[in-house]
Amino acid sequence: MSQGLNAKLAEVFNEPSCEKNQKKDGKARKKGCSKALVPGAAAGGCAFDGAKIALQPITDAVHLVHGALACEGNGWDNRHAASSGPTLYRLGFTTDLSEVDIVMGNGEKRLYRALKEVIAKYAPPAVFVYSTCVSALIGDDIVAVCKHASQALGTPIIAVDAPGFVGSKNLGNKLAGEALFEQVIGTVEPDAVGPTDINILGEYNVAGELWQVKPLFAELGIRIHTCITGDARYREVASSHRARLNMMVCSSALINLARKMEERWGIPYFEGSFYGISDTSNALRTTAKLLVERGAEAGLIERTDALIAREEANAWARIAPRVVRLKGKRVLLYTGGVKSWSVVSALQEVGMEIIRTSVRKSTGEDKERIKELMGGDAHMVDSIPPREMYAQLARGDADILLSGGRTQFIALKARTPWLDINQERHHAYAGYEGMVELVKNIDQEINSPVWQEVRRKAPWESTTSDADTSWSVRCLPLATSSLGVG
Amino acid sequence: MAKVVKSQRAYAVNPLKSSAPLGAALAFLGIERSVPLFHGSQGCTSLALVLAVRHFKEAIPIQTTALDEVATILGGFDNLEEALVNVVQRRQPAFIGIASTALVETRGEDIAGDLALIRTRQAAALQGTAIVFASTPDFEGAIEDGWAAATSAVIQALVPTGVVRNPQSRKLNVLPSVHQSAADLEELRDLIESFGLCPVFLPDISTSLDGHVPDEYQGTSLGGTSLAAIGQMADARHILAIGEHMRTPALTLAERIAVSFTLLPSVTGLAGSDALVGLLSTLSGVTAPERVRRQRSQLLDAMLDGHFWFSGRRIAIGSDPDLLYPLAKLVHSLGAEVVSAVASTGNSAVLQEVPCATVMVSDLGELEESAARLQADLLVTHSHGRQAAARLGIPLFRVGFPIFDRLGAQARCSVGYRGTRQLIYELANALMAEMPEHGQEKSSTSASAPIVESWA
């Protein structure tokens, strides 16, 4: 592994804005913040995966994976990070290294040729190049190749050095943030700057969630310069250093980037969430307050309060009919990170009971928030082994499991309602609009007639006849008797 | 005879291939109570697993040795050992299939040697679990190669040699290709049994990945060929292998148990189905049952009804060699022209038989470009072709792996007379559905006009 990457890792592990990290002693900090993986019992993506997730939503760039087939071949076009324009980001580019390339040490040459061909054909504003386990192992210096190619080909080429083996998906998110900070942000001056320009960090526009909150900002006259990186254009990310404020929505993923942007360009940041009604209101209120502190006109705060009052009333009015059907329903929440608390508060708002929430990918701050929301840590679990989760659901501990695709089939095979709240989902749940949608979907799922159907006993399982199901048995004597009367 | 041409690009755009370790994992999942284990970084498993979940709509119990930076530098022995012990402890599998990845293969690890040492060191902990290793570097081959390598590895490790065979055995060992769905295997089983033969499939995903609701939680595959059945494969009358990529497994098994084999390139299409039924007749000494004859007649009828919709249509197909070949042959036999054929890998002998002037060994980017250039009417490939089809403005007919944006991939049957008939109907319907719009002129008000024209 390259010296550069080692230094980078040490730096990321030493993140001063990370509360959890600062509680450790020097030795523990050096070990890094990703938990040691347990071979044979691990789940989740690698650093490469994390870096790609964080950057791929830059819609007009080419994202080129330098490695053997599987990294891109098995993973491309698998998220619904939506674009309002360019579609180049949805193509899957890889150098698809063959055995010959590896044995002959052709990796760097192949990468250079690939860059040349891709730029000639697609003329992108930038190319992101991702290293992988294999390219790192054979010693390909992607940083040098990208630098050289960038000059020779006249297109920004960003080296994202996050091979899978260095750690988890979360670490990959952070390494992606480093790449943006060092190679992208600040390289282009924005066309226009205004007193209400903000960036939203860690928002990937999954299923179009950004578009659920964008109109709110627009109505207030707050301009989202760019998301990092949902529905982003390269130039906008590159010129995001002139914004007045950064909002960070996925707390642990890009905290290093938020801190560094504050240090270098004096952009303050705050953490917020668009999941849930009160969280959305808080995010808008904080944005307005901080912008006014930085010189935006004072009336913004009042307008924000008015908008919040209107939107909250509107959302509650739409949710109210469903609250009756959901009140007291028990939820097993199995996600991680920011969602472990932001969704908790959202569900509590409609009167649902969270029986447990997993905190396996959450930070110290995330956990503190959960304690606050749920009155202690009794409901926090690290991870639930699949067998245990199946048993819980099969005996009816929860009325619904909210999770990602990995645990979907544990719920379904236990014939228990399930809803996808992870990155692969097709529905957008952000802002007031998203909350209405989430509650609607939970209601539809919990109250779907299919659960009665799939829990019916098979004909060979019950000996006593079920009056409801055996119409022929019921009808036959009736028919006979009516015949008799006639 | 098609000319096979490899892509000259230094990159792939929109990969057509799925990786070899993934193919191996699917084969391992066709063994009862199994857990596939990827020897690599955790992302290797996670990406493959997510893709398989999206296709099958099932929990896929693939595990990982989770190589980190230290293991990458010092070697993966400890991780492999720990992973095996953990998997056995937590999931109690009957079988663990290890597939290597590009990461460990690039390091040049001696995995077979490591495994032998781990077996002795952890004899007590691993007792009662069969462990098999298949070498499947991502940088070599694709899903067919991984599936075949895993099947060969299972045969070598678990089928005993020197078993005395019962000359009256009615058992037929079947080595299906990676392209057979659960429904295909069910159809083959019925067909083979209707000749009084007893099929043993290796691997058998028809009971593990068919999509069913088991009575209790299982942390392993939900079905598959039992180890007992694999142990008794020697006592068989014959071996049937399907698809050119199953030649090595077939040879391996034939040598091990001294039983002859037949390799059918495909059991889809009239000729392929005839070859299968002919073989079953010969092996069983029984002529085809009435029901099978009826099915053949039904297929002929479907071909007659269907061919109008294929005549002169221009079809672009992208797939793995052993799926590309039967599909291209089928549509060609019905009068369509295969204008573009793209294969995921280039070493299969079957590619030369594809009825198209050139077979490109490339990706979906190539398929899209040639389909545009040659004005294809229909794109035939897996779900990843959806972007290309949308840009081209032509329908996508989904085949192979992965199919993640439609339900029921495992319930689609396309083998034998009955399956081929179904496939013809589906293809014809895809062509039919698209006709009114596709041939329509902007000024035209009558949507049915182009259909009338095509009949003229």
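Which residues lie nearest the centre of the largest cavity, and how many residues line it? The first legend picks that up, after a word on the model.

This is a predicted model, where local features need pLDDT of at least 70 and side-chain atom pairs count only at pLDDT 80 or more, while totals for chains, interfaces and linings use all residues. Residues are numbered from 1 along each chain as its sequence is written, chains are lettered from A and ligands numbered from 1 in the order in which they are written, and side-chain values use heavy atoms, with hydrogens and water left out.

**Figure 1. The largest cavity, with a volume of about 540 Å³.** Its lining runs to 36 residues, and B:H179, B:D184, B:L323, B:G400 and B:S414 sit nearest the centre. Cavities here come from a 1 Å grid over the protein atoms alone: a cavity is a set of points where a 1.4 Å probe fits but cannot get out, and lining residues have an atom within 4 Å of a point. Points are joined across faces, edges and corners, and the volume is the space filled by probe spheres set on them. In chain B, α2 (42–56), α13 (321–333) and α16 (416–438) are the elements giving two or more residues to the lining of this largest cavity. The largest share, four residues, belongs to α13(B). Helices are DSSP runs (H or I, at least four residues), as are strands (E, at least two), and both are numbered from the N terminus. Sorted by class, the lining has 19 nonpolar, twelve polar and five charged residues. For that sorting, Ala, Val, Leu, Ile, Met, Phe, Trp, Tyr, Cys and Pro are nonpolar, Asp, Glu, Lys and Arg are charged, and the others, Gly among them, are polar. Overall, the structure holds seven cavities of 30 Å³ or more.

**Figure 2. The second largest cavity, at about 300 Å³.** Of its 22 lining residues, A:K52, A:Q56, A:G75, A:N78 and A:R79 are the closest to the centre. Helices α4 (47–55) and α5 (69–73) of chain A each put in at least two lining residues, with α4(A) giving the largest share, four.

**Figure 3. A salt bridge between A:K52 and A:E72.** The two side chains meet at 2.7 Å, N to O. A:K52 belongs to helix α4 of chain A and A:E72 to helix α5 of chain A, so the pair ties together parts that are 20 residues apart in sequence.

**Figure 4. Where chain A meets chain B.** On each side 61 residues are in contact, meaning heavy atoms within 4.5 Å. Together the chains bury about 5300 Å², 58% of it on carbon and sulfur atoms; buried area is the accessible area (1.4 Å probe) that two parts lose on being put together, summed over both. A:P39, A:N74 and A:W76 supply 13% of the area that chain A buries against chain B, more than any other three residues. Four salt bridges link the two chains, and B:K17 with A:D96 is a salt bridge at 3.2 Å, N to O. Helix α7 (residues 107–122) of chain A gives the most to the side of chain A that touches chain B, with seven residues. That side divides into 31 nonpolar, 16 polar and 14 charged residues.

**Figure 5. The second largest pocket, with about 1300 Å³ of space.** A pocket is an open set of grid points with protein on both sides within 12 Å along at least five of seven lines. Among the 48 lining residues, B:K17, B:G141, B:T345, B:G346 and B:N347 come closest to the centre. Both chains contribute: α6 (99–103) and α7 of chain A, plus α7 (143–158) and α10 (247–257) of chain B, each supply at least two residues. The largest share, six residues, is from α7(B). By class, the lining has 14 nonpolar, 17 polar and 17 charged residues.

**Figure 6. Two cis peptide bonds in chain B.** One joins B:L202 and B:P203, with omega about -10°, and B:P203 lies in the loop between β8 (198–201) and α9 (227–231) of chain B. The other runs from B:F401 to B:P402, with omega near 0°; B:P402 is in the loop between β15 (396–398) and α16 of chain B.
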